[in-house]
Amino acid sequence: MGLLDSLMGNASEVDLEDLAEELNPIMGDNEELHLAYKVIRDMFVFTNKRLILIDKQGVTGKKVSYHSIPYKAITHFEVETAGRFDMDSELKLWISGQDKPLVKELKKGTDVVGIQKTIANFSL
């Protein structure tokens, strides 16, 4: 996907070699990157042990939030695909110990099937 897709919020796969250098300081022992999607500046990173939701904040993007969710903590999940009038999709993750799901909006063009399949492969 090109620059226009990125500006419109569509997710694109991230090169894992480039990402490995950036995430090396926060990766656990024996943890491996498997797949990553980028939506503008935010990322969904799938390792063999957890899902990392990366939220770059502010104008410069120097302030970064890393939300780690171990797969074993995901009690169930839902992916709502885009409809005819609602162009966005949603990912909902229910995490053990929390009443309400964590909701992430996925823009049109995001590989919602790929995200759902990856969560299923690691959490089931």
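**Exercise 1. Which backbone atom lies 2.7 Å from a polar atom of the side chain of glutamate 31, and to which residue does that backbone atom belong?**

Solution. The model is a predicted one, and the solution begins with the place of the residue in the chain. Glutamate 31 sits in the loop between helix 2 and strand 2, the latter spanning 33–39. The atom asked for is the backbone nitrogen of glycine 28, which lies 2.7 Å from a polar atom of the glutamate 31 side chain. A further step concerns the side chain of arginine 50, which is joined to that of glutamate 31 by a polar contact of 2.6 Å.

**Exercise 2. How many salt bridges does a search of the whole structure find, and which residue forms one with lysine 56?**

Solution. The search finds three salt bridges. Lysine 56 forms one of them with glutamate 22, where the closest N and O atoms are 3.5 Å apart. Since lysine 56 lies in strand 4 (residues 50–57) and glutamate 22 in helix 2, this pair ties together parts that are 34 residues apart in sequence. Another salt bridge is the one in which the side chains of glutamate 90 and lysine 92 meet, at 3.9 Å from N to O; here glutamate 90 is partly exposed, its relative accessible area being 25%.

**Exercise 3. Which residues gather in a patch of negative charge on the surface, and where does aspartate 15 lie?**

Solution. The patch is formed by Asp15, Glu17, Asp18 and Glu21. Aspartate 15 is placed in the loop that runs between strand 1 (11–13) and helix 2 (16–23). Membership of a patch requires over 30% relative accessible area, and aspartate 15, at 43%, is partly exposed.

**Exercise 4. What is the phi angle of asparagine 30, and is this residue buried or exposed?**

Solution. Phi of asparagine 30 is near 65°, which is a positive value in a residue other than glycine. The residue is found in the loop between helix 2 and strand 2. The cut-off for exposed is over 50%, and asparagine 30, at 67% relative accessibility, therefore counts as exposed.

**Exercise 5. Describe the order of elements in the chain, and then state how far apart aspartate 111 and serine 89 are in space.**

Solution. The chain has three helices and eight strands, and from the N terminus on they run α-β-α-β-β-β-β-β-β-β-α. Of its 124 residues, 35% count as buried. Aspartate 111 occupies the loop between strand 8 (102–106) and helix 3 (112–123), and it counts as partly exposed at 36% relative accessibility. From C-alpha to C-alpha, aspartate 111 and serine 89 are 9.9 Å apart in space, while in sequence they are 22 residues apart.

Technical notes. Residues are numbered from 1 along each chain as its sequence is written. This is a predicted model: local features need pLDDT of at least 70, side-chain atom pairs count only at pLDDT 80 or more; totals for chains, interfaces and linings use all residues. Side-chain values use heavy atoms; hydrogens and water are left out. Patches are made of residues with over 30% relative accessible area and no salt bridge: like charges are joined within 9 Å, nonpolar side chains (Val, Leu, Ile, Met, Phe, Trp, Tyr) within 5 Å. Accessible areas come from the Shrake-Rupley method with a 1.4 Å probe; for residues, only the protein chains shown count as cover. A salt bridge is a side-chain nitrogen of Lys or Arg within 4 Å of a carboxyl oxygen of Asp or Glu. Lys and Arg count as positive and Asp and Glu as negative; His and the chain ends are not counted. The place of a charge is taken as NZ of Lys, CZ of Arg, CG of Asp or CD of Glu. Helices (H or I, at least four residues) and strands (E, at least two) are DSSP runs, numbered from the N terminus. Buried means under 20% relative accessible area, exposed over 50%, partly exposed in between (1.4 Å probe, protein chains only). A polar contact is a pair of N or O atoms within 3.5 Å; within protein, one must be able to donate a hydrogen and the other to accept it, and residues adjacent in sequence count only if both atoms are side-chain atoms.
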